Amino acid sequence: MVASEASPTRLSLVVEDNGPGLPPEARAEVLKRGARLDESEPGSGLGLSIVDELARAYGGDLTLSDSTMGGLKVTLELPRAEG
């Protein structure tokens, strides 16, 4: 996990893994509430959809892409707090 300043007005948090990844055509699906691609493991399918909703509520973005480690890369960008 890496946190950095994406710009003077935005912060970025990047999480990457070396798992099986997620095909580009499935990425929009996993952001839907309750959607799960792997039914063999326990879970509710809420995690990524909640993060996506919160990011958008605060003027941010959640992006799913390919990791350089072979798995999935999740990038969360949020506006910096003024202060």
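These are my notebook entries on a predicted model of one protein chain.

**Entry 1: ground rules**

I number residues from 1 along each chain as its sequence is written, and I keep to heavy atoms for side-chain values, with hydrogens and water left out.

**Entry 2: overall layout**

From the N terminus on, the elements run β-β-α-α-β-β. I then asked for burial, with buried set at under 20% relative accessible area, exposed at over 50% and partly exposed in between (1.4 Å probe, protein chains only); of the 83 residues, 25% count as buried. The accessible surface comes to about 5700 Å², and 55% of it belongs to carbon and sulfur atoms; these areas come from the Shrake-Rupley method with a 1.4 Å probe, and for residues only the protein chains shown count as cover. For contacts, I used heavy atoms within 4.5 Å. Among contacts with a separation of 6 or more, 46% are between residues 24 or more positions apart.

I noted another glycine with positive phi, Gly59, which takes about 80° just after α2.

I picked Leu64, which sits in strand β3 (residues 61-66) and counts as buried because its relative accessibility is 12%. Leaving aside neighbours within four places in sequence, Leu64 is in contact with Leu22, Arg27, Val30, Leu31, Leu72, Lys73 and Val74. For Leu31, which is 33 residues away along the chain, the C-alpha to C-alpha separation from Leu64 is 9.4 Å.

Leu64 also belongs to the largest nonpolar core, a group of nine residues made up of Leu22, Ala26, Val30, Ala55, Leu62, Leu64, Leu72, Val74 and Leu76. β3 and β4 (72-79) each supply at least two residues of this core, and β4 gives the most, with three. By nonpolar core I mean a set of buried Ala, Val, Leu, Ile, Met, Phe, Trp, Tyr and Cys residues joined through side-chain atoms within 4.5 Å.

**Entry 3: helix α2 and its buried side**

The buried residues of α2 are Ser49, Asp52 and Ala55. They lie on the same side of α2 because they cover an arc of only 130° around the axis, the arc being that of the directions from the helix axis to the C-beta atoms. These buried residues of α2 pack against α1, β3 and β4. Asp52 is at 10% relative accessibility, and, apart from neighbours within four places in sequence, Asp52 is in contact with Leu31 and Leu62.

**Entry 4: salt bridges**

I searched the whole structure and found four salt bridges, each being a side-chain nitrogen of Lys or Arg within 4 Å of a carboxyl oxygen of Asp or Glu. In one of them, Asp66 meets Arg27 with the closest N and O atoms 2.5 Å apart. Asp66 lies in strand β3 and Arg27 in helix α1 (residues 27-30), so this pair ties together parts that are 39 residues apart in sequence. Asp66 is exposed at 53% relative accessibility, whereas Arg27 is buried at 12%.

Asp52 pairs with Arg56 at 3.3 Å, N to O; both are in helix α2 (residues 47-57), four residues apart, so about one helical turn separates them. Arg56 counts as exposed, at 52% relative accessibility.

Arg10 and Asp61 meet at 3.1 Å, N to O, and this pair links strand β2 (residues 10-16) with strand β3 across 51 residues. Arg10 is buried at 19% relative accessible area, while Asp61 is partly exposed at 42%.

How values were computed: This is a predicted model: local features need pLDDT of at least 70, side-chain atom pairs count only at pLDDT 80 or more; totals for chains, interfaces and linings use all residues.
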